[in-house]
Amino acid sequence: MSTPLGKAKDEAVQAASAAKEQRQREGEGSLVRVVDLVAGYVPGVDILNGCDLHCAEGELVGIIGPNGAGKSTLLKSLFGLVDVRSGMVTLKGQDITGKKAHELVAQGVGFVPQTNNVFPRLSIEENLQMGLFRDPKRYAERFDYVAQLFPALAARRKQRAGSLSGGERQMVAMGRALMPGPSVLLLDEPSAGLSPALQDEVFLRCRQINATGVSIIMVEQNARRCLQICDRGYVLDQGRNAYTASGKDLMNDPKVIELYLGTLAKA
Ligand SMILES: Nc1ncnc2c1ncn2[C@@H]1O[C@H](COP(=O)(O)OP(=O)(O)O)[C@@H](O)[C@H]1O
Ligand SMILES: [Mg+2]
């Protein structure tokens, strides 16, 4: 015989499993899908506590959130650089959870880490070649594509990457990740440390790259600018999704403004 308490418990269990099913359906058919991801570095310490995310073909998705929220960890777990403990990552419907970075590059994922993202002693050209070392025959064709996006790189192809400015290095890093022709590009804080004018340029380039058909998942500390250019945004907080909506809706959401955008939002 079921007691009122037992009934309430059953209902709670049912509601939880319905919510889980709903979450597992979210983003079905997307290019990239992350479901209920738990991941971390040190055994016993989870940094991501059940993250969900999806990126449709051709979409530009932004991830914002406070320092230490797990944004970089999320990107790194998509690229096989962090221990995934449970949950799932799929690419074009295929399970890629825990696959290694080189396999992911071959499957069409590009990743630009926030720091140390170029080989400083190599020239621009050699950096771009490193991006395509598995398939050098396509170099000329891929170089043309990257040169169109970043004409300044092509003009200075012999220059050592270490002698470039921060903004130029960021272009080299993006160019290198684009060399294999990824279907999705993961960018970790591409505008960090750049002057406002160069930040604008980076965001513009992201839009241009996206317009050539490359989907983008971008983490940004420049939250307002990121929400302005992205199709959809995620606010990550303490390893969990806090808010998800179109970039515009997030930017105008009073709660998001109060908690994550601060007074800058009114600027
Ligand atoms: N290599 C690492 N080893 C152990 N802990 C790490 C490592 N990298 C990041 N963390 C921890 O994971 C948490 C989230 O970091 P991170 O993903 O870099 O945050 P965000 O990019 O949102 O600022 C932080 O508490 C950070 O200290
Ligand atoms: Mg980070």
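Visitor: Which residues touch the most other members of the largest nonpolar core?

Guide: In this predicted model, Leu185, Leu186, Ile216, Ile217 and Met218 touch the most other members of that core, which has 69 residues. Helix H7 gives the most to the core, with six residues.

Visitor: Why is Lys7 called exposed?

Guide: Lys7 has 10, so Lys7 is exposed. This lysine is found in helix H1, residues 4–25. Lys7 and Ala173 are 166 residues apart in sequence and 57 Å apart in space, C-alpha to C-alpha.

Visitor: What makes H7 mostly covered?

Guide: Of its 13 residues, 10 are buried. These are Arg169, Gln170, Met171, Val172, Ala173, Met174, Gly175, Arg176, Ala177 and Leu178. They pack against strand E6 (109–112), helix H4 (124–130), H5, helix H6 (151–155), E7 and H8.

Visitor: How do you know that the length of H7 agrees with its number of residues?

Guide: At 1.5 Å a residue, the 13 residues of H7 should span 18 Å. The end C-alpha atoms of H7 are 18 Å apart, so the two values agree.

Visitor: How does helix H8 do on that test?

Guide: H8 covers residues 196–211, and its 16 residues should span 22 Å. Its end C-alpha atoms are 23 Å apart, which agrees.

Visitor: Which residues of H8 are buried, and how do you know that they are on the same side?

Guide: Val202, Phe203, Cys206 and Ile209 are buried in H8. They cover an arc of only 120 degrees around the axis, so they are on the same side of H8. An α-helix has 3.6 residues a turn, so residues three or four places apart point the same way. The face of H8 turned away from the buried side carries the exposed residues Ala197, Leu204 and Ala211.

Visitor: What do the buried residues of H8 pack against?

Guide: Their partners include strand E3 (60–64), helix H5 (139–149), H7 (166–178) and strand E7 (184–188). Just after H8, Gly213 takes a positive phi of about 105 degrees.

Visitor: Which residues surround ligand 1, and how do they divide?

Guide: Among them are Tyr41, Val42, Ile47, Asn67, Lys71, Ser72 and Thr73. The shell around ligand 1 divides into four nonpolar, six polar and one charged.

Key: Residues numbered from 1 in each chain as written. Chains lettered and ligands numbered in written order. Predicted model: local features only at pLDDT ≥ 70, side-chain atom pairs only at ≥ 80, totals over all residues. Helix = DSSP H or I, 4+ residues; strand = E, 2+ residues; numbered from the N terminus. Buried ≥ 20, exposed ≤ 12 C-beta atoms within 10 Å, placed from the backbone. Expected span 1.5 Å × (residues − 1). Arc of directions from axis to C-beta. Contact = placed C-beta atoms within 7 Å. Core = buried A, V, L, I, M, F, W, Y, C linked by C-beta atoms within 7 Å. Near = placed C-beta within 6 Å. Nonpolar A, V, L, I, M, F, W, Y, C, P; charged D, E, K, R; others polar.
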